[in-house]
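Have the viewer open and follow along.

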2 protein chains.
Amino acid sequence: MNDVKAFVFDVFGTLVDWRSGVARDAAHFLQGQGRGAHEADAFADAWRGLYQPAMEKIRKGERPFVKLDVLHRENLEQVLPVFGIDTRRVPAPELDELNLAWHRLDPWPDTVEGLTRLKSRYIIAPLSNGNIRLMIDMAKHGGLPWDAILGAEVAQAYKPMPDAYLRTAQVLALAPDSVCMVAAHNSDLAAAQKCGLRTAFIARPHEHGPAQTIDLKPEGKWDWVATDLADLAKQFGV
Amino acid sequence: MNDVKAFVFDVFGTLVDWRSGVARDAAHFLQGQGRGAHEADAFADAWRGLYQPAMEKIRKGERPFVKLDVLHRENLEQVLPVFGIDTRRVPAPELDELNLAWHRLDPWPDTVEGLTRLKSRYIIAPLSNGNIRLMIDMAKHGGLPWDAILGAEVAQAYKPMPDAYLRTAQVLALAPDSVCMVAAHNSDLAAAQKCGLRTAFIARPHEHGPAQTIDLKPEGKWDWVATDLADLAKQFGV
């Protein structure tokens, strides 16, 4: 426990509520397009649904690394027709603006307190697939007190590629087992653990809305399991 | 003025007093080696004197990019014999520890207030040749409230190479002329200006001690000249 020097965090779902945040902005957009705001949750889910496939091309080496803002923007153009919207009829600046929904997601209620407490004794940084500018804007929006912005863009590799975890530890000049990965996703922790990082699980049972079926509980031998970030801080005595 | 969205800062000399900080740790080290603490300022100057030549090999492509902590550590081994110390007789952990002197430099008296005020309306980040972990430790030591840690390690290029400035603007998703480089060094600002960044000069007449002869005043057509960081914040109405 005392060997941990830094906590690195998954962000979408673990620290911020992406579904409500994206739906909020999507509702406004859909109404402007003459569509019903009631489709906003489905819109957020569909947009997020293209997230993993888009990164997968880069993980497989079929495409050079591009930052997540670029992938989100491309995915947005794909998702519009599903909701009966002709992409070519929407002015590009309006799509650029909607794409920034990911930059202004709200933190879960315990996030800022938990990060602030952990920061008092440890290095804290995101290890997200989100790019640096996205993470900066989100931190300014929600008051996330990062020591540094790490993650896919600094590592030039998307999780769960080993380089995403290993290069982050390298940048921190720490052995992997001095770095603790915090996530609400068992798959993220499994990948981090394979790279030698310590792991902490926090359930976020409403990340995917009321009918969530995955990641409701820890499904691996994680080093720590906490009810929320404040509980994790408490377990580390801060 | 209102087009500036982000301020990026030179750090060694502009925001922190490297000479006093390194000399403080060097004095302790020199005494442990049976040398006089009065040599500490000269030791700091000699160590810093190897900084530019070490980076120059990387800028010229004669050596792949390595982070500044590595160069500082190599330079330390070179500087010891100049002060009559046999490098091989000093335990490596002691040199590793002394190398961290660069991680715990104190900010100038106006630095934290100025950064905090600028952060209220703008993105603020270091654009230093110092590596990420060095900047994290320094920020935690001195209370520098960065939004993100940018600079040579993220850009994989040492200032004044154009890539150091241009890739930083790219990561920020900003046009170069929406980014203002703040430095106490005319040469740094000249390189930033060539890349299209805006420029702000702050004189730090004691960076090199009482006998400083360079960078006492602005020597280019910089966009802003301020007496200190609080004055710069004031000029931007924050």
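With which residue does Asp147(A) form a salt bridge? The partner is Lys119(A), and the closest N and O atoms are 3.8 Å apart. A salt bridge here is a side-chain nitrogen of Lys or Arg within 4 Å of a carboxyl oxygen of Asp or Glu. The two residues are 28 apart and link distant parts of the chain: Asp147(A) sits in the loop between helix 7 and strand 3 (150-151) of chain A, and Lys119(A) in helix 6 of chain A. Helices (H or I, at least four residues) and strands (E, at least two) are DSSP runs, numbered from the N terminus. Asp147(A) is buried, with a relative accessible area of 8%, while Lys119(A) counts as partly exposed at 27%. For those words, buried is under 20% relative accessible area, exposed is over 50%, and partly exposed is in between (1.4 Å probe, protein chains only).

Before going further, some ground rules. This is a predicted model, in which local features need pLDDT of at least 70 and side-chain atom pairs count only at pLDDT 80 or more, while totals for chains, interfaces and linings use all residues; side-chain values use heavy atoms, with hydrogens and water left out. Residues are numbered from 1 along each chain as its sequence is written, and chains are lettered from A and ligands numbered from 1 in the order in which they are written.

Back to Asp147(A), which has another partner to look at. Lys140(B) forms a salt bridge with Asp147(A), the closest N and O atoms being 2.5 Å apart. Lys140(B) lies in helix 7 of chain B and Asp147(A) in the loop between helix 7 and strand 3 of chain A, so this pair joins two chains. Lys140(B) is partly exposed, at 33% relative accessibility.

Now for the interface itself. Here 21 residues of chain B are in contact (heavy atoms within 4.5 Å) with 21 residues of chain A. The area buried between the chains is about 1,600 Å², and carbon and sulfur atoms give 60% of it; buried area is the accessible area (1.4 Å probe) that two parts lose on being put together, summed over both. Across this interface the rule finds two salt bridges. On the side of chain B that touches chain A, helix 7 (132-142), helix 8 (152-155) and helix 9 (162-171) of chain B each supply at least two residues. Helix 7 of chain B gives the most, with five.

How do the copies sit relative to each other? A rotation of 180° with 0.0 Å of shift along its axis superposes chain B on chain A, with an RMSD of 0.0 Å. The two copies are thus related as by a two-fold rotation axis. The superposition is by least squares on the C-alpha atoms of residues with pLDDT of at least 70 in both. Of the residues of chain B, Ala148(B) comes closest to the axis, at 2.5 Å (C-alpha). The copies meet through the same surface, because 100% of the interface residues of chain B are also interface residues in chain A.

Elsewhere in chain A, Arg24(A) and Asp106(A) have side chains that meet in a salt bridge (2.8 Å, N to O). Arg24(A) is in helix 1 (residues 18-32) and Asp106(A) in the loop between helix 5 (92-99) and helix 6 (111-119) of chain A, so the pair ties together parts that are 82 residues apart in sequence. Arg24(A) is partly exposed at 42%, and Asp106(A) is partly exposed too, at 32%.

Finally, have a look at the backbone. A cis peptide bond joins Lys159(A) and Pro160(A), with omega about 5°, and Pro160(A) is in the loop between helix 8 (152-155) and helix 9 (162-171) of chain A. Lys159(A) is also among the residues that Asp188(A) touches, not counting those up to four places away in sequence. Asp188(A), in helix 10 (residues 186-194) of chain A, is buried at 7% relative accessible area.
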